[in-house]
Amino acid sequence: MEAVPRMPMIWLDLKEAGEFAFNAAVKKSAVNVPRDFEGCSTLRKYFGQLHYLQSRIPMGAEQEAAVPIAWTEIFSGKTVTHEDIKYEQACILYNLGALHSMLGAMDKRVSEECAAGAFTYLRDHFPHSYSVDMSHQILNLNINLMLGQAQECLLEKSMLDNRKSFLVARISAQVVDYYKEACRALENSETASLLGKIQKDWKKLVQMKIYYFAAVAHLHMGKQAEEQQKFGERVIYFQSALDKLNEAIKLAKGQPETVQEALRFTMDVIGGKYNSAKKDNDFIYHEAVPALDTLQSVKGAPLVKALPVNPTDPAVTGPDIFAKLVPMAAHEASSLYSEEKAKLLRDVMAKIEAKNEVLDQFMDSMQLDPETVDNLDMYSHIPPILMEKCAALSVRPDTVKNLVQSMQVLSGVFTDVEASLKEIRDLLEEDEVQERKLQELLGKVPPPQGSSPPPPSPGLAEVSKECSKYLEVHEKASFTNTELHKAMNLHIGNLRLLSGPLEQVRAALPSPTLTEDDKQVLQNLKRILAKVQEMRDQRMSLEQQLREMIQKDDITTSLVTTDRSEMKKLFEEQLKKYDQIKVYLEQNLAAQENVLKALTDANVKYAAVRKSLAEVEHKWNTTVQTLVASYEAYEDLMKKSQEGKDFYTDLEGKAAKLLEKARVACQAAEANRQQILEKEMKKQPPPRPTAPKPALQKKPLELDAGGLDTMDLPPLGSLVLSDLPEELRSLPPDVLAGHLARLPPPALAALNPA
């Protein structure tokens with residue numbers, strides 16, 4: 001059947017244009033189009049521009065700018081005139097369908113669906129009362145004829161492509177169905193009266209095609225039975241195909257030679273198939289041949305459709321030449337549409353904001369930062385700030401040595417100052433002791449215990465005053481010096497660490513120790529946190545897309561070309577473009593509950609790991625801060641150490657001078673005391689010669705009252721030489737006796753405690 005000759009097709013005449021008060025050049029190009037696809041393109045453009053025009057200028061029936069429009073009716077040849085621009089559109093649309101039917105009937109056969117689409121749009125969108133050739137019955141007839149012929153073209157291609165037998169049978173059965181619908185319209189008495197003489201010709205051709213394509217359908221059902229080795233079914237299908245083909249041959253009387261040739265070719269194919277199948281079954285297979293009505297009927301497969309006509313498609317109609325003419329009603333309608341878009345956005349944003357608020361509160365309560373949830377990476381390297389300090393110390397290798405030496409020098413100077421001040425204090429105290437003893441020897445009553453000592457000499461008083469001042473300064477500086485040494489001892493170890501190899505610095509920094517279970521918990525938490533972020537990002541992206549779509553959505557041009565009664569329907573159709581993104585947003589929002597539940601479970605398992613990591617991170621930060629502080633303290637330590645050295649060097653010089661001054665003053669005071677003592681001794685009478693007596697060091701000194709008759713002394717008892725002051729022990733006994741005679745009783749009592 002691949003080489004079967006083509007059956008002829010029905011095509012329609014084009015209407016002829018009459019009067020229309022429009023630009024002559026435009027009118028001429030629109031009604032006298034070439035009979036090719038360029039002509040179809042011209043008609044579509046003209047049709048679209050008429051649509052744009054009538055939506056702006058009141059040229060409809062009984063409107064202010066309506067003008068007479070005349071076209072010739074196809075079947076009667078009469079001129080029909082209407083004052084309605086839609087009549088012009090309807091006639092152009094009819095001619096578009098007719099031209100496509102003419103092109104489809106030619107060899108290429110690619111235009112039948114376009115013809116059906118033009119007639120369908122004409123039937124559904126324009127009045128049927130304009131003329132007989134555009135009545136509802138005629139348009140239905142044209143639509144079914146065009147769809148049947150389009151399906152017939154598809155059948156021809158399917159047989160050429162050797163498609164499966166069952167598919168070819170269904171395509172052919174659908175051709176039959178379309179032609180049956182057309183035949184019913186042709187048999188209608190009203191339609192027959194409208195068509196006139198061509199009605200009989202069309203009816204005969206359509207009826208013949210019904211039987212012919214029914215035969216083709218059963219032929220391929222028989223071929224399918226043959227493929228399935230159902231040899232009884234094969235016989236009945238081929239027999240049915242032969243019967244239907246014989247009916248088609250009867251109805252083909254008077255048809256052109258191309259029809260007869262196609263019928264003869266098909267008879268050869270079907271007849272041969274039937275005879276072969278019957279003979280094989282009778283002599284080989286012996287299968288029962290079922291009745292045709294017991295077999296499943298072949299259901300048609302409608303694989304063609306009327307291609308829609310869109311009068312506002314710029315790809316077809318070209319740019320709107322009346323675009324700058326926007327009626328006020330279109331602006332008002334555009335405002336209404338903008339409000340519909342705003343309402344849609346408000347509804348969506350209310351849902352998004354509610355979910356975002358829940359998400360933000362939840363994440364705040366969790367206190368989980370996806371960027372730092374584990375911080376494991378930071379433990380694998382030395383932080384940059386610490387690397388900077390290590391690098392700075394690497395070019396100053398004597399840092400620690402210089403600091404230690406500086407503090408040692410400071411300690412030495414400090415010790416020297418302290419020793420000088422101590423020696424000065426000791427000298428002053430010794431002088432004070434000697435002064436007390438002198439006063440006691442001179443018979444003066446010593447001051448009570450705890451009272452102020454006797455006033456020193458003016459030189460020593462000045463020394464004492466300066467010494468007190470230096471001691472006070474030294475005491476205050478000593479505290480500072482002690483704190484400085486403590487600070488140095490605190491930082492010196494850290495500075496040694498920073499000056500050493502980087503491996504030691506890294507080893508000194510704390511790092512976490514995680515088990516495999518801990519790592520699994522951590523990875524699961526990070527995965528869910530990444531899912532949360534992905535959900536956020538997707539939500540923001542979809543929201544942005546929605547806002548951009550709404551901002552760019554301008555249907556003013558469509559509103560101009562849409563009837564007011566169709567506005568609501570247009571709004572609904574236009575708002576459907578947002579359905580897909582709304583679905584995506586709804587899915588995103590619905591997923592939040594499950595994601596947060598999973599995050600809650602993961603966070604519970606993460607609690608122990610989190611505590612451990614937080615402790616290690618705190619230690620790590622503290623260690624880093626301590627090391628950095630030690631580096632930053634170095635310069636301050638060096639500066640304060642130098643200041644301390646300068647201070648104590650100056651104080652050491654002053655203390656040394658004061659020490660020398662104290663020595664001189666103490667010597668002068670001692671010399672003065674000796675002079676006083678010598679004067680006192682000169683006041684004593686010369687001693688009388690006496691027999692030598694034993695040494696007094698270890699024996700009691702006996703003072704006989706008869707030997708000192710002239711002295712009115714109280715009884716002294718016996719005195720031991722060791723009880724006397726050192727300066728009296730070396731005096732001769734008679735001198736010593738004379739001196740003691742002058743002492744008051746309290747002084748003697750002090751020398752003789754017994």
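UniProt positions are given here in the numbering of this chain, with shortened feature names, and such annotations may be inferred rather than shown by experiment. The structure is a predicted model, in which local features need pLDDT of at least 70 and side-chain atom pairs count only at pLDDT 80 or more, while totals for chains, interfaces and linings use all residues. Residues are numbered from 1 along each chain as its sequence is written, and side-chain values use heavy atoms, with hydrogens and water left out.

An unreviewed UniProt entry annotates residues 525-552 as a "coiled-coil region". In the model this stretch is 100% helix and 0% strand, with its end C-alpha atoms 41 Å apart; helices (H or I, at least four residues) and strands (E, at least two) are DSSP runs, numbered from the N terminus.

Turning to the aromatic side chains, rings of Phe, Tyr and Trp (its six-membered ring) pair if their centres lie within 6.5 Å, and planes under 30 degrees apart count as stacked, over 60 as edge-to-face and the rest as tilted. Tyr94 and Phe119 form an edge-to-face pair, because their ring centres are 5.5 Å apart and their planes stand at 65°. Tyr94 belongs to helix H3 (residues 85-104) and Phe119 to helix H4 (residues 112-125), so the pair ties together parts 25 residues apart in sequence. Both Tyr94 and Phe119 are buried (under 20% relative accessible area; exposed is over 50%, partly exposed in between, with a 1.4 Å probe and protein chains only).

The rings of Tyr337 and Phe571 have centres 5.3 Å apart and planes at 40°, so this pair is tilted.
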